[in-house]
Amino acid sequence: MHQTFDVALGIDLLHVNQAGADHNRAHFDGWGITCMNIMSSPGAGKTALLERTLAGLHQELAIAVIEGDMTTELDADRLRQYEVPVIAINTGRSCHLDAKMVAGGIHTLEHQYDPHALDLVLVENVGNLVCPAEFEVGEHAKVALLSITEGEDKPLKYPIMFQEADCLLITKVDLAPYLDVNIEQIAANVRQMNPHCTIISVSAKTGEGLEEWFGWVRSRVQASPLTKTHTHA
Amino acid sequence: MHETDMTKALILTVRNWWESQPDRPNITKIHLMVGQFTCVEPAGLQFAFEVQTRQTFLENAALVIQDVPLVAFCHPCQQEYQPEIGRQYACPTCQAPMDDIRSGRELKIDRIEYDGAEVGHLTPDPATR
Ligand SMILES: Nc1nc2c(ncn2[C@@H]2O[C@H](COP(=O)(O)OP(=O)(O)OP(=O)(O)O)[C@@H](O)[C@H]2O)c(=O)[nH]1
Ligand SMILES: [Mg+2]
Ligand SMILES: [Zn+2]
Ligand SMILES: [Zn+2]
Ligand SMILES: [Zn+2]
């Protein structure tokens with residue numbers, strides 16, 4: 001007769017990624033860098049926002065970009081004109097960035113640039129509303145974008161990214177006159193699952209809301225811990 | 001797609017446990033807790049598990065997925081409620097936002113069942129890693 005044994009494990013499936021993310025964050029902390037994970041569905045305007053952000057802030061903050069564009073270097077090329085380090089990481093066919101991929105980007109940053117001189121690393125995640133929020137990469141803040149062309153219901157249908165976001169940017173608001181969209185409803189849908197999220201309406205085209213976004217970025221960079229203690233084992 | 005990654009993580013974790021056992025027992029069941037407030041589709045996980053465990057030490061193991069519902073706690077009302085995923089997350093009684101998730105975010109290997117009678121029949125072979 002067979003005897004069956006049973007062992008309780010209680011191990012989180014994401015524990016390996018979590019450990020990798022904590023390690024990445026320790027590097028960032030050691031260099032005095034604030035890292036932000038920029039997430040949205042494909043085409044919501046992540047790269048356009050990054051272009052505007054580099055243009056607006058690169059004089060006052062030393063910024064680098066880790067670009068998780070899925071297959072091409074197109075996005076990275078758009079950003080290099082601002083003469084900041086832009087590291088394109090190969091995500092293969094993955095539908096999200098994970099800590100290991102970003103660790104590769106950090107490695108490049110460490111060996112080709114001076115990470116101590118940087119204040120801010122912006123990570124553009126793979127365009128996907130479903131899973132990027134499930135995989136921490138070592139960020140200090142999560143920024144979610146939702147363009148007004150996507151519909152008010154998207155936060156309700158794909159809640160995790162919006163529930164975890166520290167800042168929500170409602171993008172492409174210059175298009176509001178042409179659409180039947182209720183921006184207040186988008187904000188309300190996010191607030192009902194994430195009451196602490198900062199919500200800003202922006203347009204990368206007209207510049208609306210960008211000053212407020214820059215202000216949020218500044219506050220987060222200053223609020224970050226600047227412990228220069230991490231030693232790499 | 002991420003179900004494939006999740007399954008890899010699952011198999012790796014179970015393999016680490018299995019290899020730490022001196023007798024390399026025959027694993028018959030893996031009990032996984034999957035919260036409803038995660039990006040993981042149980043059916044996608046089942047499928048990926050079947051594909052990825054073929055001709056491995058887990059060939060005879062079944063993946064048992066326990067769905068864990070989303071439960072939030074409303075502080076104004078001092079009570080738990082189950083938000084309706086896809087429709088409404090605020091408290092149905094007082095409309096306060098969902099601010100304290102008590103369960104539904106789990107992605108956890110709960111426990112493993114293994115077959116005692118098989119103990120010793122398996123020869124550990126590090127070359128098959
Ligand atoms: N009207 C308008 N169009 C915008 C705005 N921001 C971005 N777009 C346009 O939207 C399209 C997608 O923008 P991207 O910045 O490439 O979006 P993305 O999120 O980086 O896309 P992926 O990286 O492919 O997921 C482009 O055609 C942009 O010109 C905006 O504020 N207003
Ligand atoms: Mg882009
Ligand atoms: Zn994914
Ligand atoms: Zn390291
Ligand atoms: Zn209530």
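A salt bridge is taken here as a side-chain nitrogen of Lys or Arg lying within 4 Å of a carboxyl oxygen of Asp or Glu. In this predicted model, Glu164(A) and Arg105(B) form such a pair across the two chains, with 3.0 Å between their closest N and O atoms.

**Interface between the chains**

- Polar contacts between chain B and chain A amount to 18 residue pairs, counted where both residues are at pLDDT 80 or more.
- On the side of chain B that touches chain A, helix H1 (2-20) and strand E6 (107-115) each supply at least two residues, and E6(B) gives the most, with nine residues.
- The residues on that side of chain B comprise 18 nonpolar, 10 charged and six polar ones.
- In total, 35 residues from chain A and 34 residues from chain B take part in the contact.
- The area buried between chain B and chain A is about 3100 Å², of which 63% lies on carbon and sulfur atoms.

**Strand pairing across the interface**

- Strand E1 of chain A, residues 4-12, pairs with E6(B) in the antiparallel sense, and seven bridges connect the two strands.
- Within E6(B), Ile112(B) is the residue that stands opposite Val7(A).

**Strand pairing within chain B**

- E6(B) is also joined to strand E1(B) by eight bridges, again in an antiparallel arrangement, while on the other chain E6(B) pairs with E1(A).
- E1(B), which spans residues 26-35, is mostly covered, with eight of its 10 residues buried.

**Make-up of chain B**

- Chain B contains two helices and six strands, and from the N terminus on these elements follow the order α-β-α-β-β-β-β-β.
- Of the 129 residues in chain B, 47% count as buried.
- When contacts in chain B between residues at least 6 apart in sequence are considered, 69% of them join residues at least 24 apart.

Conventions
Residues numbered from 1 in each chain as written. Chains lettered and ligands numbered in written order. Predicted model: local features only at pLDDT ≥ 70, side-chain atom pairs only at ≥ 80, totals over all residues. Heavy atoms only, no water. Contact = heavy atoms within 4.5 Å. Buried area = accessible area lost by both parts, 1.4 Å probe. Polar contact = N/O pair within 3.5 Å; in protein donor to acceptor, adjacent residues only side chain to side chain. Helix = DSSP H or I, 4+ residues; strand = E, 2+ residues; numbered from the N terminus. Nonpolar A, V, L, I, M, F, W, Y, C, P; charged D, E, K, R; others polar. Pairing = 2+ DSSP bridges. Buried < 20%, exposed > 50% of the residue type's maximum accessible area, 1.4 Å probe, protein only.
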